[in-house]
Amino acid sequence: MTSSLLIESFSDFARSKNIDRPTMIAVLEEVFRTMIRKKYGTDENFDVIINPDSGDLEMWRTREIVDDDSEDIWDYDKIPLAEARKIQDDFEVGEQVAEEVKLEDFGRRVVQTARQTLIQKIKDLEKEILYQKYKDQVGDLVTAEVYQLVKNETILVDNENNELSLPRTEQIPKDRPRKGDTVKAVIHRVDMNNGTPKIILSRTSPVFLERLFEQEIPEIYDGLISIRKIVREPGERAKVAVESYDDRIDPVGACVGMKGSRIHAIVRELNNENIDVINYTENLELLISRALSPAKVSSMNIDREARRVSVFMKPDQVSLAIGRGGQNIKLAGRLVDMEIDVFRDNEGQEDDEDVDLMEFRDEIDEWIIEEFRRVGLDTAKSVLARTKEELVRLTDLEEATIEEILDILRREFE
């Protein structure tokens, strides 16, 4: 293989991988210098000149002429006078001899090895470029297509055909990706495994929800509203504290949109994850009250040193504060970075462990919940306290629907 063919084939391959010209020349020079070191022991007195566009390659060896009896004739940068005069018969001691070294002088096997080395170096460069590119994009929102489903992860490809990994642990529990689907996620981290970059995506990260808010709500994207904190139980519930830098803008209203138009797009992307948007404040007591929404707080005692707060509320608000499976109070505690204990104002008949029917919206249609509320049944245990026959008589619901609702509510307390 001639030098021009070798360089041209390498240059075409490098350009297809988006390797820039200076990097391309540096790789070529390093490979040729490696060949020189193997053959001559050093490359210190060699000049390598490469033009990747034309495929031209020149390698020049420069040595100083010394007397034939000199002790220096074995030095890498010296040449005996007799040998120099074989190149040109009028050379004298002390002059410099520049000889051109041809690629063919290295032998076919060495040239083939050089070609393989060049291709491998480009592949390594490509991996490094990919690693650096995505490392700089950690936290960015990406849209990719599902390419393959494997046991513990979903493999996606982006618009440049790069493979991305969405592990099962980073997927929302209700996610059911299928081949060919378009999926949104954030770049969570980039790992290097045996020299190969692995780009890990996430849909459970709070950053993913933050990017969706930026995408759907112009005021956040423009910096008029900032997101102060996000806490999530992926696929179930999230609380987002927002703050406006413009007194004329209601941050919660802007995020929710007219009739919930803005927040609905985000909720759909998160497979109906309930999202509470809260107006952030530096007033800790007010922030705790807002964090426990939709429950209404009567009073509270805050122990700032212990990072603990005792909240008192009416008995009918306790189940709302705790939420289904304790989600609401857990998220509220994480949002304000305090342990929250809920107490009733007085000893009533209500059960702290009861759950408001509105917490079952993902399993029970809202019109059915409203039918129960219409007859004064607004918690799970208040419904379970009635017989099936009583519920059929009190509501306009069919017996089969009642049985299904009772089954859902019983499972909550099993």
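Biologist: In which helix does Glu-389 lie, and is Glu-389 buried or exposed?

Modeller: In this predicted model, Glu-389 lies in helix H14, which covers residues 388-394. A residue counts as exposed when its relative accessible area is over 50%, and Glu-389, with a relative accessible area of 52%, is therefore exposed. Although Glu-389 and Ile-402 are 13 residues apart along the chain, their C-alpha atoms are separated by 9.2 Å.

Biologist: Which residue does the side chain of Lys-388 meet in a salt bridge?

Modeller: A salt bridge is counted here when a side-chain nitrogen of Lys or Arg lies within 4 Å of a carboxyl oxygen of Asp or Glu. The side chain of Lys-388 meets that of Glu-399 at 3.3 Å, N to O. Because Lys-388 lies in helix H14 and Glu-399 in helix H15, the pair ties together parts that are eleven residues apart in sequence. Lys-388 counts as partly exposed at 23% relative accessibility, and Glu-399 is partly exposed as well, with a relative accessible area of 44%.

Biologist: How many salt bridges does a search of the whole structure find, and with which residue does Asp-43 form one?

Modeller: The search finds 34 salt bridges in the whole structure. Asp-43 forms one of these with Arg-37, and the closest N and O atoms of the two are 3.0 Å apart.

Biologist: Where are Glu-160 and Lys-133, the pair that links distant parts of the chain?

Modeller: Glu-160 is in the loop between strand S6 (153-157) and strand S7 (163-167), while Lys-133 is in helix H4 (residues 108-135), so that the two are 27 residues apart. Their side chains meet in a salt bridge at 2.5 Å, N to O, and Lys-133 is partly exposed, with a relative accessible area of 26%.

Biologist: Which residues form a negative surface patch?

Modeller: For such a patch, the residues need over 30% relative accessible area and no salt bridge, and like charges are joined within 9 Å. Here the negative patch is formed by Asp-365, Glu-366, Glu-370 and Glu-404. Glu-404 is found in helix H15, residues 399-413, and at 51% relative accessibility this residue counts as exposed.

Biologist: How many aromatic pairs does the structure hold, and why is the pair of Tyr-40 and Phe-46 tilted?

Modeller: A pair of aromatic rings is described by two quantities, the distance of the centres and the angle of the planes. The structure holds two aromatic pairs. In the pair of Tyr-40 and Phe-46, the ring centres are 5.1 Å apart and the planes stand at 40°, so the pair is tilted; planes under 30 degrees apart would count as stacked, and those over 60 as edge-to-face. Tyr-40 is partly exposed, with a relative accessible area of 25%, whereas Phe-46 is buried, at 2%.

Biologist: How many residues apart in sequence are Ile-322 and Val-355?

Modeller: Ile-322 and Val-355 are 33 residues apart in sequence, and their C-alpha atoms are 7.9 Å apart in space. Ile-322 has its place in helix H10, residues 315-322, and counts as partly exposed at 23% relative accessibility.

Methods: Residues numbered from 1 in each chain as written. Predicted model: local features only at pLDDT ≥ 70, side-chain atom pairs only at ≥ 80, totals over all residues. Heavy atoms only, no water. Patch = residues over 30% accessible without salt bridge, like charges linked within 9 Å, V, L, I, M, F, W, Y side chains within 5 Å. Areas by Shrake-Rupley, 256 points an atom, 1.4 Å probe, with all protein chains shown as cover. Lys, Arg positive; Asp, Glu negative; His and termini not counted. Charge placed at Lys NZ, Arg CZ, Asp CG, Glu CD. Helix = DSSP H or I, 4+ residues; strand = E, 2+ residues; numbered from the N terminus. Buried < 20%, exposed > 50% of the residue type's maximum accessible area, 1.4 Å probe, protein only. Phe/Tyr/Trp six-rings, centres within 6.5 Å; stacked < 30°, edge-to-face > 60°.
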